[in-house]
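Let's take a walk through the side chains of a protein and see who pairs up with whom. Have a look at the structure first, then read on.

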Amino acid sequence: DFRRLSRIPKTAGEMMVAKFSGWKDESYLLYLQVRDSWRNSPLFRLYIEKTTEAIEKNLTITAVLERAQLTYEEYLAIAEINRKLGQMD
């Protein structure tokens with residue numbers, strides 16, 4: 001679904017942040033539910049898994065992502081989504 005928002009990962013990330021913001025404006029409880037769903041999503045879990053792998057194996061994230069279903073640009077976009085969600089809380 002992330003890739004369907006835009007072919008450009010940064011744009012897809014910005015669109016997701018806008019959606020989260022809209023949900024928060026509509027209802028803080030809805031925002032919390034959506035945020036928790038995001039944190040349980042396969043995409044977020046892959047992001048966490050690859051970050052953990054890079055730390056544990058003392059590798060760069062680009063080295064870890066070479067054999068993953070996630071591009072470096074997508075990884076950065078997800079990191080930015082999470083940074084902005086942290087600011088929304």
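## A network of charges

Glu49, Lys50, Glu53, Lys57 and Arg67 are joined up in a network of salt bridges. Keep in mind that this is a predicted model. Over the whole structure, a search turns up eleven salt bridges.

Let's zoom in on one link of that network. Lysine 50 and glutamate 53 meet through their side chains in a salt bridge, at 3.2 Å from N to O. They sit three residues apart in helix H4 (residues 42-56), which means about one helical turn separates them. Are these two buried or exposed? Both lysine 50 and glutamate 53 are buried.

## Two arginines, one aspartate

Now for aspartate 89, which has two partners to talk about. With arginine 35, the side chains form a salt bridge at 3.0 Å, N to O. This pair links distant parts of the chain: arginine 35 is in helix H3 (residues 28-39), while aspartate 89 is in the segment after helix H6 (72-88), 54 residues apart.

Arginine 39 also makes a salt bridge with aspartate 89, and here the closest N and O atoms are 4.0 Å apart. Arginine 39 lies in helix H3 and aspartate 89 in the segment after H6, so this pair ties together parts 50 residues apart in sequence.

## Rings meeting rings

Time for the aromatics: the whole structure has six aromatic pairs. In one of them, the rings of phenylalanine 20 and tryptophan 23 have centres 5.8 Å apart and planes at 80 degrees, so the pair is edge-to-face. The two residues are three apart in helix H2 (residues 9-26), so about one helical turn lies between them. Phenylalanine 20 counts as buried because its relative accessibility is 2%, whereas tryptophan 23 is partly exposed at 29%.

Phenylalanine 20 also forms an edge-to-face pair with tryptophan 38, with 6.3 Å from centre to centre and 75 degrees between the planes. Phenylalanine 20 is in helix H2 and tryptophan 38 in helix H3, so the pair ties together parts 18 residues apart in sequence. Both of these residues are buried. Ring pairs join Phe20, Trp23, Trp38, Phe44, Tyr47 and Tyr75 into a cluster.

## A charge over a ring

Here's one last kind of contact. Which residue lies over the face of tyrosine 31? That's lysine 24, at 5.7 Å from the ring centre.

Note on methods
Residues are numbered from 1 along each chain as its sequence is written. This is a predicted model: local features need pLDDT of at least 70, side-chain atom pairs count only at pLDDT 80 or more; totals for chains, interfaces and linings use all residues. Side-chain values use heavy atoms; hydrogens and water are left out. Helices (H or I, at least four residues) and strands (E, at least two) are DSSP runs, numbered from the N terminus. Buried means under 20% relative accessible area, exposed over 50%, partly exposed in between (1.4 Å probe, protein chains only). Rings of Phe, Tyr and Trp (its six-membered ring) pair if their centres lie within 6.5 Å; planes under 30 degrees apart count as stacked, over 60 as edge-to-face and the rest as tilted. A charge sits over a ring if NZ of Lys or CZ of Arg is within 6 Å of the ring centre and within 35 degrees of the ring normal.
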